[in-house]
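Hi,

Here is the structure I said I would pass on.

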Amino acid sequence: MRLRFLLCLAPLMASIAWAADPLPAFHGDARQSSVSGLSSGAFMALQYQVAFSGSVVGAGVVAGGPYYCAQGTLAGTPACMSGPPPKAAQLLASAGQFAAAGRIDPLGELAKRRVYLFSGSQDNTVKTLVVDAAAEFFRLAGMPAAQIAYERRLPAGHAQITPSYGNDCGATASPYLNHCQWQGKGYDQAGLILQHIYGALRPKAPTPAGRIVAFDQRPYAASGSSLADEGYVYVPRACADGEACRVHIALHGCQQYAGKVGDAFYANAGYNGWADGNHILVLYPQTTTSAQNPQGCWDWFGYTGAAYAWKSGLQMKAIKQMADHLVSAR
């Protein structure tokens with residue numbers, strides 16, 4: 001009888017033993033957070049920037065399109081990848097209606113923010129005219145040209161770009177990290193994103209000296225959110241030692257979640273070295289697969305419900321709660 005009891009208890013004990021720790025909290029300012037992403041993560045990053053523009057100071061959009069591009073339907077996604085996408089003015093009008101209803105922050109906040117956009121000339125997954133529409137969306141929303149950086153000259157495939165890690169520049173293949181040379185040196189996309197958003201930064205650490213912490217995402221994952229049980233955060237030593245820090249949220253693409261590619265994205269996308277000397281916590285939330293989300297994408301077309309592009313969206317709210325908690329220590 002005792003053996004049978006222990007055998008029944010074993011799966012529960014194993015799940016408890018292997019559960020990640022809660023998300024830690026450090027000192028900082030949630031109003032200095034920023035976000036970036038690749039592909040579905042790029043659509044999500046732009047969506048997050050628009051919805052939370054009152055507190056998110058900038059975004060990096062690598063192969064992503066304008067806010068509300070798919071207009072809440074899976075049938076709308078092909079035009080937002082291969083084009084032509086909906087007119088930016090039409091999408092801005094929808095955003096204006098959401099803002100008027102209090103579902104996203106006032107659009108006037110976008111004029112204070114900064115955005116970096118990227119389209120590889122060999123990217124046949126999300127075409128350049130789609131990223132063009134994202135740039136036009138921000139221009140129409142009142143963001144000054146000096147605050148919009150847009151690079152589309154590199155012969156890159158569909159990937160986040162690093163100076164030396166990953167596939168050849170023109171590839172479109174797992175883990176969707178490519179190394180590219182540009183103007184005689186490796187293209188450091190993570191550094192360019194962070195410097196465009198935050199201005200001059202201290203040099204990148206050759207070897208990250210902080211640590212990657214796994215944390216339990218389940219307290220933030222409402223039913224149907226398609227969030228993994230575990231997420232990750234890169235913690236520089238200065239943040240761990242009590243210095244005030246800010247948060248950058250880095251969102252993986254489809255088929256790039258940790259359950260699929262391991263640590264490839266959160267260890268090698270390039271943000272951690274820059275975070276070290278600049279008091280930046282890097283939050284790497286993670287999706288998982290579901291019947292509605294078989295490729296582990298972020299929700300930029302409505303598979304989690306009609307509120308997906310609003311502050312109340314299941315994934316949007318979860319990411320914001322994680323980011324705010326990270327800098328909530330007093």
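Let me start with W274. Leaving out residues up to four places away in sequence, W274 touches D188, A190, G191, L194, Q195, L201, R202, P203 and K204. Keep in mind that this is a predicted model.

W274 sits in helix α9, which covers residues 271-276. Is W274 buried or exposed? Its relative accessible area is 9%, and buried means under 20%, so W274 counts as buried.

Next, the nonpolar core. The largest one has 102 residues, and Y67 and F137 are the members that touch the most others. Helix α2 (residues 40-51) gives this core its largest share, with 8 residues.

What does Y67 touch, once neighbours within four places in sequence are set aside? From helix α2, whose residues run 40-51, the contacts of Y67 include L46, Q47 and V50. Y67 is also in contact with L91, A95, F98, I104, F137, A309 and W310.

Y67 turns up again in the cavity search. Over the whole structure, 1 cavity of 30 Å³ or more was found, and the volume of the largest cavity is about 40 Å³. Its lining is made up of F43, Q47, P66, Y67, Y68, C69 and W300. By class, that lining has 6 nonpolar residues, 1 polar and no charged ones.

Cheers

Definitions and conventions
Residues numbered from 1 in each chain as written. Predicted model: local features only at pLDDT ≥ 70, side-chain atom pairs only at ≥ 80, totals over all residues. Heavy atoms only, no water. Core = buried A, V, L, I, M, F, W, Y, C linked by side-chain atoms within 4.5 Å. Buried < 20%, exposed > 50% of the residue type's maximum accessible area, 1.4 Å probe, protein only. Helix = DSSP H or I, 4+ residues; strand = E, 2+ residues; numbered from the N terminus. Contact = heavy atoms within 4.5 Å. 1 Å grid on protein atoms, 1.4 Å probe; cavity = no way out; pocket = protein on both sides within 12 Å on 5 of 7 lines; lining within 4 Å. Points joined across faces, edges and corners; volume = space filled by probe spheres on them. Nonpolar A, V, L, I, M, F, W, Y, C, P; charged D, E, K, R; others polar.
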